[in-house]
Amino acid sequence: MAPTSPGMRVPAPGVGTAVSAGMTGLGELDWTRWWRLERERFLGLRDLKLKGPISGGKETTTTRLSLVPRRSLIDSSILPALFDVLETERDDSMISAALIGVARIGSGGRRDLSLRIGVLIKEQLHKSSQEISETAALSLGIFGERTALEPLIALLASSKEGAQLVNKRTVPTRTRAFAAFGLGLMAHGSDDPQVRQRIAAALCEVLSQRHSSDDLPTAAVIAFGLCPLPHKLSVPDRATRQSPFAYQVVSRRAQVRWFTELLATQRRGTDGLPPVVRTHAALALGRLVQDAELDVRSAALEALTDLATSRQSRVNLRTASFMGLGESLTAGSDPVDRE
């Protein structure tokens, strides 16, 4: 606090507190109270639909409000402003924010707009700034359209095509990690089983390899937990069938079996997962079996229970295993849950 200036009148003790309390104690007129109650309804760009009155009162058929801008306004004013940032701005933070904004808004089903957004995002991948490059990789996943799938897989695998996208000999590890996160977000938002199978197979390949740091495999297991496959046996597309892990992604059962075995295996040579990665994998496994068939859930819950109760497990792994159990348990409706 700045020192008191000569002649400045100091309020008596308690006066400032009373004034502050008077300003914030306005009951229903206090905006912070209103915001705490209403804020959930104002977040989101793609699918925000506001129902009911804006500031309390009984809902009627005439008191409905939507704060979603018209798509025509988005296409004519909002997206062009963000495009201008991506094309002319030099500040890394501004470019990163614009990338996320464009990706979240999306194309609205317009093919021409989809192509332009995809090109603009990919152009940022080869920027010298690591922040911009990795944000662009994440933005492709947020964008979530099918055209972003192969670039993300190329970045994740650090293939020749991926290296060309970043204009380097190899894709930096952090960019690969953000590509994994992007694939997880794409899988989570996609209803296409073949897209999820393609993503799951690519993540399996990463998790089967040994890495110099934990960043990439950690991102891969988190993304894997966001990519539950269909329960019924489903034939992958041609590109996925060429993967050595095609069999592991034909169904949720096969996916969970492979991931459970990987989690249970202690690291020996190139087998198993490093300790930090295993910790995240325990939570990811719980997410994968939330709505799985009973026998699939039972096998996963048994593995998590063993890890949670074993004295040989590290504290972080035991904690994550309990959290994984919490993710996958129901309210006691199945025998395995009660056990």
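Q: Which residues lie nearest the centre of the second largest pocket, and how many line it?
A: In this predicted model, the second largest pocket has a lining of 17 residues, and those nearest its centre are Ile153, Ala157, Arg198, Ala202 and Glu205.

Q: Ok, and what's its volume?
A: The volume of the second largest pocket comes to about 290 Å³.

Q: Which helices supply at least two residues of that lining?
A: Helix 7, spanning 149–157, and helix 10, spanning 193–207, each contribute at least two residues to the lining of the second largest pocket.

Q: How do the lining residues divide into nonpolar, polar and charged?
A: For the second largest pocket, eight of the lining residues are nonpolar, four are polar and five are charged.

Q: Switching topic, how many aromatic pairs does the structure hold?
A: There are five aromatic pairs in the structure, and one of them joins Phe245 to Trp258 in an edge-to-face arrangement, with 5.8 Å centre to centre and 70° between the planes.

Q: Where do Phe245 and Trp258 lie?
A: Phe245 sits in the loop between helix 12 (238–241) and helix 13 (252–264), whereas Trp258 belongs to helix 13, so the pair ties together parts that are 13 residues apart in sequence.

Q: Are those two buried or exposed?
A: Phe245 counts as buried because its relative accessibility is 13%, and Trp258, at 14% relative accessibility, counts as buried too.

Q: Why is the pair of Trp258 and Phe259 stacked?
A: The ring centres of Trp258 and Phe259 are 6.5 Å apart and their planes meet at 25°, so this pair is stacked; Phe259 itself is buried, with 0% relative accessibility.

Q: Which residues do ring pairs link into a cluster?
A: The cluster consists of Phe224, Phe245, Trp258 and Phe259, linked by ring pairs.

Technical notes: Residues are numbered from 1 along each chain as its sequence is written. This is a predicted model: local features need pLDDT of at least 70, side-chain atom pairs count only at pLDDT 80 or more; totals for chains, interfaces and linings use all residues. Side-chain values use heavy atoms; hydrogens and water are left out. On a 1 Å grid over the protein atoms alone, a cavity is a set of points where a 1.4 Å probe fits but cannot get out, and a pocket is an open set with protein on both sides within 12 Å along at least five of seven lines; lining residues have an atom within 4 Å of a point. Grid points are joined across faces, edges and corners, and a volume is the space filled by probe spheres set on the points. Helices (H or I, at least four residues) and strands (E, at least two) are DSSP runs, numbered from the N terminus. Ala, Val, Leu, Ile, Met, Phe, Trp, Tyr, Cys and Pro count as nonpolar, Asp, Glu, Lys and Arg as charged, and the others, Gly among them, as polar. Rings of Phe, Tyr and Trp (its six-membered ring) pair if their centres lie within 6.5 Å; planes under 30 degrees apart count as stacked, over 60 as edge-to-face and the rest as tilted. Buried means under 20% relative accessible area, exposed over 50%, partly exposed in between (1.4 Å probe, protein chains only).
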